[in-house]
Amino acid sequence: HREALRSSSGTKRPKAWAGLMDNLGSSQIRALDANQIKALEAQDITTHRGNLTTGQIGNLSDNQITGLSNADVAALSTQQIQGLGVKIALFNYGQIQNMGTAQVRSMTGAQIGALNAGQIANIENVDLQALTTAQINQFSATQLGFLTAVQVGALTDAQLRSLNGAKLGAVLGNLSAVQVGNLTATQVGGLSAEQLQSMTNDQLAGLTQAQLRALSGAQMTVLRDIMAAADISKLSVEQISTLNDADLGKLTARQIDALTVDQVQALSNAQVNLILPKLSELTDLSLSQVANLDMTKLTLAKLTDAAKGLTGIQLQQLTTAQLLQTLDGSADEVLTELGAKIADLSSTQVAGLGVDINKLTDTQVGQLVQTQVRALSGAQLNALDVNKFAGLDIGSLLNTQVAQITVTQFDTAQIATMSASQVRSLTVAQLNAFSDPQLNALSAANVGQLTLNQIEALA
């Protein structure tokens, strides 16, 4: 046995250990050094886990830790849990869930700080509630943001009252009205304007008189704005449409976002453009309102927002002039900033761009769909830079379009993929102007499809 233990200085378990580990006593187990510990296999750890010291637990390899069964994890003492150190971050979600309340409560600040998003979201509610206020505050604001709504709902009043600033802000959105009402006046008084604005009406309704008295004048202004936003949605469409420019200009972004679809669509085009910098729900706009938007008042983020930006149908209402306007804070036209949404434009809009089609990026030219490509005039096709034309789906072109293209636009790869009918549509002048590499790019099959006039021109 002594010789087998001596030979275990490496990390690979020697064959001489077969059956040996089962016969070792607790004192012998505790005498194993770091390399011997790393040589233990899963069944050895399971058998002797109770005898491993905190130091030995800390010497387990990454693979050994991830290989611990849920039962192994649940059987570890609180001292052994602490012995893992920040290696606890190696635990999978099942291992985290199988930790007992005492084990979770025994974690050090460093261990808590090492937990990742998935591990935090898998801490059982009862274990989360067992953490002291000091431990709760060992979580960073980012980590607290990983807690699920259910977990936040399970936090104790004492735990919540210990949070301030960014940490309180990280869980604020998931607090119930009751939990909000149980916050200290100092905590509420410390909320930023942004945090107050993020609160729901139900949460705001949960504020107590003591909490409201703790708010500063600036905070009360924010609160009145929020309340006014709740009231503005009660105005009739007639009342909204008769507001003068001065009144509309005084509305805050929160109040404007509180307007209903009917209220927004009751506004005139001029009124819409007046509030446009503060309007985030662009989907509320009518098609006629979209066609009259001053795009210079829109930011790229608002225009392309997946949930609130202009829809495909709305984009099809934009005029050529609008597409060529520059967005607020951008150096490029709306046309370019649309990116892949260029495919949402109608063929009429694309044709209406004229030679400004060349303002599309190389990528956007390649994203044009067949109906859009077939709407392009010969002048537009020839206006494209050679690199942009190379990205065009040549197979989408009509024969009549092919016959209008300047031959220098074609690259050999495109010529090689042209259909027989497209090749036959090439004019005698085009074929005469083809370079040798371009002629050689014609497939043998397509050469056989050339008309007599084309062959005579080549001859």
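The legends below describe an overall view and several close-up views of a predicted model of one protein chain.

Residue numbers start from 1 along each chain as its sequence is written, and side-chain values use heavy atoms, with hydrogens and water left out. Because the model is predicted, local features need pLDDT of at least 70 and side-chain atom pairs count only at pLDDT 80 or more, whereas totals for chains, interfaces and linings use all residues.

**Figure 1. Overall view of the protein chain, with 46 helices and zero strands.** Helices (H or I, at least four residues) and strands (E, at least two) are DSSP runs, numbered from the N terminus. Of the 459 residues, 40% count as buried, where buried means under 20% relative accessible area, exposed means over 50%, and partly exposed lies in between (1.4 Å probe, protein chains only). Among the contacts with a separation of 6 or more, 63% are made by residues 24 or more positions apart, a contact being heavy atoms within 4.5 Å. The chain exposes about 20900 Å², of which carbon and sulfur atoms supply 52%; accessible areas come from the Shrake-Rupley method with a 1.4 Å probe, and for residues only the protein chains shown count as cover.

**Figure 2. The largest nonpolar core, viewed around Leu303 and Phe410.** A nonpolar core is a set of buried Ala, Val, Leu, Ile, Met, Phe, Trp, Tyr and Cys residues joined through side-chain atoms within 4.5 Å. The largest core has 56 residues, and Leu303 and Phe410 touch the most other members. Helix H29 (269-275) and helix H34 (334-337) are the elements that give two or more residues to this core. Leaving aside neighbours within four places in sequence, Leu303 is in contact with Leu282, Met295, Leu298, Gly309, Leu310, Leu315, Leu327, Val334 and Leu338. A second, separate core has 45 residues, including Ile57, Leu76, Phe91 and Val152.

**Figure 3. The aromatic cluster of Phe389, Phe410 and Phe434.** Rings of Phe, Tyr and Trp (its six-membered ring) pair if their centres lie within 6.5 Å, and planes under 30 degrees apart count as stacked, over 60 as edge-to-face and the rest as tilted. A search of the whole structure finds two aromatic pairs. Phe389 and Phe410 form an edge-to-face pair, with 5.9 Å from centre to centre and 85° between the planes. Phe389 lies in helix H39 (residues 386-390) and Phe410 in the loop between helix H40 (399-402) and helix H41 (412-417), so this pair ties together parts that are 21 residues apart in sequence. The rings of Phe410 and Phe434 have their centres 6.2 Å apart and their planes at 75°, so that pair is edge-to-face as well. Because Phe434 lies in the loop between helix H43 (428-433) and helix H44 (436-441), while Phe410 lies in the loop between H40 and H41, the pair ties together parts that are 24 residues apart in sequence. Phe389 counts as buried at 0% relative accessibility, Phe410 as buried at 4%, and Phe434 as buried at 6%.

**Figure 4. The salt-bridge network of Glu333, Asp356 and Lys359.** A salt bridge is a side-chain nitrogen of Lys or Arg within 4 Å of a carboxyl oxygen of Asp or Glu, and a search of the whole structure finds two. In one, the closest N and O atoms of Lys359 and Glu333 are 3.2 Å apart. Lys359 lies in the loop between helix H35 (347-352) and helix H36 (362-367) and Glu333 in the loop between helix H33 (320-323) and H34, so the pair ties together parts that are 26 residues apart in sequence. Lys359 also meets the side chain of Asp356 in a salt bridge, at 3.7 Å from N to O. Glu333 is buried, with a relative accessible area of 18%, whereas Lys359 is partly exposed at 34% and Asp356 is partly exposed at 23%.

Figure 5. Gln179 counts as buried at 7% relative accessibility. Not counting residues up to four places away in sequence, Gln179 touches Val152, Gly153, Leu155, Leu160 and Asn174.

Figure 6. Ser106 counts as buried at 11% relative accessibility. Beyond its neighbours within four places in sequence, Ser106 is in contact with Thr78, Ile81, Gln82, Gln111 and Gln135.
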